[in-house]
Amino acid sequence: MDNTIGFEIKHLYEELSPLIERFTRKLCPECRQPCCKQRFGIYEKEDILFLNSINAKISDANRRFDPDGKCQFLSSRGCIRPRWLRPYRCTWFFCTELLEAMQTHSRQYRRIVDLLNRIKQLRMELLGLK
Ligand code: SF4
Ligand code: SF4
């Protein structure tokens, strides 16, 4: 399998992650209702296809844990999975507070949106949906 697209997606995640973390670092540790539930840490088949394309070692979330409990990958310093190793949905959720914080930094916000769109586009290509 040609893994060029998969590795390009991974590089884009690596550029994107610190841009988002600049905001989550401040907001999330004080959040009263963290969004990271166990059920969100479980891979979809599309996530597995992407990760297989870059030969990543996959360790899925435990389906026997309470799906509405805190995700097993959430530590006091945030998610312990690198962003490219998280389910796709994890990067696409922005609560209102986070979104508003990002939008106050318009140049950085535009770069985040561009990277998200590029990842989405390449993922569709990888999955043969485009
Ligand atoms: S992204 Fe929003 S809802 Fe999720 S933990 Fe951070 S502040 Fe809370
Ligand atoms: S970002 Fe990490 S901790 Fe949060 S739901 Fe996804 S895998 Fe779990």
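In α1, residues I5, G6, E8, I9, L12, Y13, E15, L16, L19 and I20 meet Q108, R111, I112, L115, R118, I119, L122, R123, E125 and L126 of α5, where contact requires C-beta atoms, placed from the backbone, to lie within 7 Å. These residues divide into twelve nonpolar, two polar and six charged; Ala, Val, Leu, Ile, Met, Phe, Trp, Tyr, Cys and Pro count as nonpolar, Asp, Glu, Lys and Arg as charged, and the others, Gly among them, as polar.

The model is predicted: local features need pLDDT of at least 70 and side-chain atom pairs count only at pLDDT 80 or more, whereas totals for chains, interfaces and linings use all residues. Residues are numbered from 1 along each chain as its sequence is written, while chains are lettered from A and ligands numbered from 1 in the order in which they are written.

**Overall fold**

The chain holds five helices and two strands, arranged along the sequence as α-α-β-β-α-α-α. Helices (H or I, at least four residues) and strands (E, at least two) are DSSP runs, numbered from the N terminus. For 130 residues a compact globule would have a radius of gyration near 14 Å, and the chain agrees with its 15 Å; the radius is taken over C-alpha atoms, and the globule rule is 2.2 Å times the number of residues to the power 0.38. Along the principal axes, the C-alpha atoms fill a box of roughly 45 × 40 × 20 Å.

**Helix packing**

Two packed helices are described by the angle between their axes and the distance between the axes. Axes are lines fitted to C-alpha atoms, for helices over the stretch in contact, and angles run from 0 to 180 degrees between N-to-C directions.

| Pair | Angle | Axes |
|---|---|---|
| α1 and α5 (residues 106-126) | about 155 degrees | 10 Å apart |
| α1 and α4 | roughly 130 degrees | within 10 Å |

Against α4, residues F23, T24 and L27 of α1 meet E97, L98, A101 and M102, a contact with five nonpolar, one polar and one charged residues.

**Ligand surroundings**

Ligand 1 is surrounded by T24, L27, C28, C31, P34, C35, C95, E97 and L98, a residue being near if its C-beta atom, placed from the backbone, lies within 6 Å. Both α1 (4-27) and α4 (96-103) give two or more residues to this shell, which has seven nonpolar, one polar and one charged residues. Around ligand 2 stand C36, F40, G41, C71, F73, L74, C79, R81, R86, P87 and C90; eight are nonpolar, one polar and two charged.

Definitions and conventions. Two residues are in contact if their C-beta atoms, placed from the backbone, lie within 7 Å.
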